[in-house]
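Here is a short report on a structure with two chains. Look at the sequence and the model first, then read on.

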Amino acid sequence: MTSTTATLAGHDGHAAEAHHTSLPIENRKLAIWVFIASECMFFATLISTFLIYRGQSLKGPLPADIFEVPLVTAGTAVLLFSSFFVVMALNGAQEGNRRKLITWLSLTVFCGVFFAGMQVYEFSHFYHEGLGYSTNLFSASFYTLTGFHGAHVTMGTLWLATLLKDAIKGDLPAGKALNLEIAALYWHFVDVVWIIIFPVVYLMSLRS
Amino acid sequence: MADAHAAEHEHGSGGATYVKIAVVLFVLTALEVLLYEVCYGESMTGLASLGASLEPYFVELLLLLSAFKFWFVAMFYMHLKFDMKLLSWLFTFSLVIASVVILALLALFTYNRGLWWPGGLW
């Protein structure tokens with residue numbers, strides 16, 4: 001394969017020399033996709049563990065005793081909407097529309113904070129109901145899976161918040177939209193993981 | 001401005017498409033919760049016969065709805081539908097490995113469950 005050195009021309013007229021690459025794709029974008037691929041396998045092991053231990057706890061509290069479907073449904077809806085918000089922010093960044101970028105990115109960060117807050121509330125509520133980390137097999141696998149997902153949401157929120165700060169300062173012009181695109185890809189991945197977790201962990205567990 | 005249109009064309013999507021996808025995702029999530037309520041909830045006793053007929057397929061239906069949501073986000077919000085095929089292959093490859101890991105572990109532990117949990121075969 002012939003190596004090429006691509007030159008990226010920004011929408012704002014600035015030209016930036018891209019990293020040397022042998023593929024017709026920006027290195028950072030390929031890197032985030034490889035990272036996302038590895039994360040798929042990471043979450044696969046956590047979901048497997050939860051499914052293996054499902055219904056094996058010898059003592060409660062059990063999912064049917066403590067899960068609150070309306071609260072988690074609200075959190076799920078907020079996370080889904082945040083994916084919509086960040087893609088609109090990216091649209092704004094690519095158009096060079098700073099106002100649109102800041103508005104939608106602010107909403108995304110707010111959704112991230114809301115979801116993380118919902119999870120903190122949920123965990124503290126469960127703890128006060130007697131569900132500690134080592135109470136039973138359900139609690140250990142549940143806290144590990146959803147806790148790691150919550151950590152990913154928190155990291156994503158912080159990442160997007162730094163980009164929001166850049167956007168407010170005017171440091172995120174159309175030529176740097178790739179910075180937001182990479183963060184948005186990570187954010188969408190966090191969303192699709194929750195798309196799996198919500199029915200598998202919450203709805204299916206309530207059934208049993 | 002021409003660049004903005006080019007970027008939009010390149011991704012084959014704009015604000016209107018994103019709004020439509022958001023509505024679809026919201027409806028699919030509502031269907032998931034509705035399915036649970038019809039099958040197992042206490043607030044929809046009037047639909048007990050429907051719930052009884054759907055109950056045997058509860059897990060399959062949930063996974064199907066989730067798969068649709070997953071597909072919409074990956075294809076449109078993550079732009080896989082419009083980006084180079086290499087990325088789609090990379091993501092699909094990792095999903096296949098992840099699925100095999102889940103199925104293999106479930107099969108292994110289900111087969112050996114009697115050894116490791118009380119009340120099993122052995």
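## A helix and the glycine after it

Helices here are DSSP runs of H or I with at least four residues, strands are runs of E with at least two, and both are numbered from the N terminus. The model is predicted: local features need pLDDT of at least 70, side-chain atom pairs count only at pLDDT 80 or more, and totals for chains, interfaces and linings use all residues. Residues are numbered from 1 along each chain as its sequence is written, while chains are lettered from A and ligands numbered from 1 in the order in which they are written.

How far should the 27 residues of α3(A) span? At 1.5 Å a residue they should span 39 Å, and the end C-alpha atoms are 39 Å apart, so the two agree. The expected span is 1.5 Å times one less than the number of residues. α3(A) is also mostly covered, with 19 of its 27 residues buried. A buried residue has 20 or more other C-beta atoms within 10 Å of its own; an exposed one has 12 or fewer, and a partly exposed one falls in between, with C-beta atoms placed from the backbone.

## Chain A as a whole

Chain A has six helices and two strands. Starting at the N terminus, the order is β-β-α-α-α-α-α-α. Of its 208 residues, 38% count as buried. Two residues are in contact if their C-beta atoms, placed from the backbone, lie within 7 Å. Take the contacts in chain A with a separation of 6 or more: 77% of them join residues 24 or more positions apart.

α4(A) has 31 residues. From first C-alpha to last it reaches 45 Å, close to the 45 Å expected at 1.5 Å a residue. Its buried residues include Leu101(A), Trp104(A), Leu105(A) and Thr108(A). What do the buried residues of α4(A) pack against? They pack against α2 (63-66), α3 and α5 of chain A. Just after α4(A), Gly130(A) takes a positive phi of about 100°.

## The largest nonpolar core

A nonpolar core is a set of buried Ala, Val, Leu, Ile, Met, Phe, Trp, Tyr and Cys residues joined through C-beta atoms within 7 Å. The largest one holds 70 residues, and Ala89(A) and Leu180(A) touch the most other members. Several helices each supply at least two residues: α1 (27-53), α3 (69-95), α4 (98-128), α5 (137-169) and α6 (177-207) of chain A, and α2 (15-40), α4 (58-77) and α5 (85-116) of chain B. The largest share, 18 residues, comes from α6(A). In soluble globular proteins, nonpolar side chains tend to be buried together.

Which residues does Ala89(A) contact, leaving aside its neighbours within four places in sequence? They are Leu101(A), Trp104(A), Leu105(A), Thr108(A) and Leu180(A).

## Where the chains meet

The contact between the chains takes 39 residues from chain B and 41 residues from chain A. On the side of chain B that touches chain A, α1 (2-11), α2, α4 and α5 of chain B give two or more residues. α5(B) gives the most, with 13 residues. By class, this side has 31 nonpolar, five polar and three charged residues. Here Ala, Val, Leu, Ile, Met, Phe, Trp, Tyr, Cys and Pro count as nonpolar, Asp, Glu, Lys and Arg as charged, and the others, Gly among them, as polar.

## Chain B and His79(B)

Chain B has five helices and zero strands. Its pattern along the sequence is α-α-α-α-α. Buried residues make up 20% of its 122 residues. Among its contacts between residues at least 6 apart in sequence, 45% join residues at least 24 apart.

α4(B) has 20 residues and reaches 28 Å from first C-alpha to last, close to the 28 Å expected at 1.5 Å a residue. Among its buried residues are Leu62(B), Ser66(B) and Phe72(B). His79(B) lies in the loop between α4 and α5 of chain B. Its phi is near 65°, a positive value in a residue other than glycine. Why does His79(B) count as buried? Because it has 20 C-beta neighbours inside 10 Å. His79(B) and Ser66(B) are 13 residues apart in sequence, and their C-alpha atoms are 19 Å apart in space.
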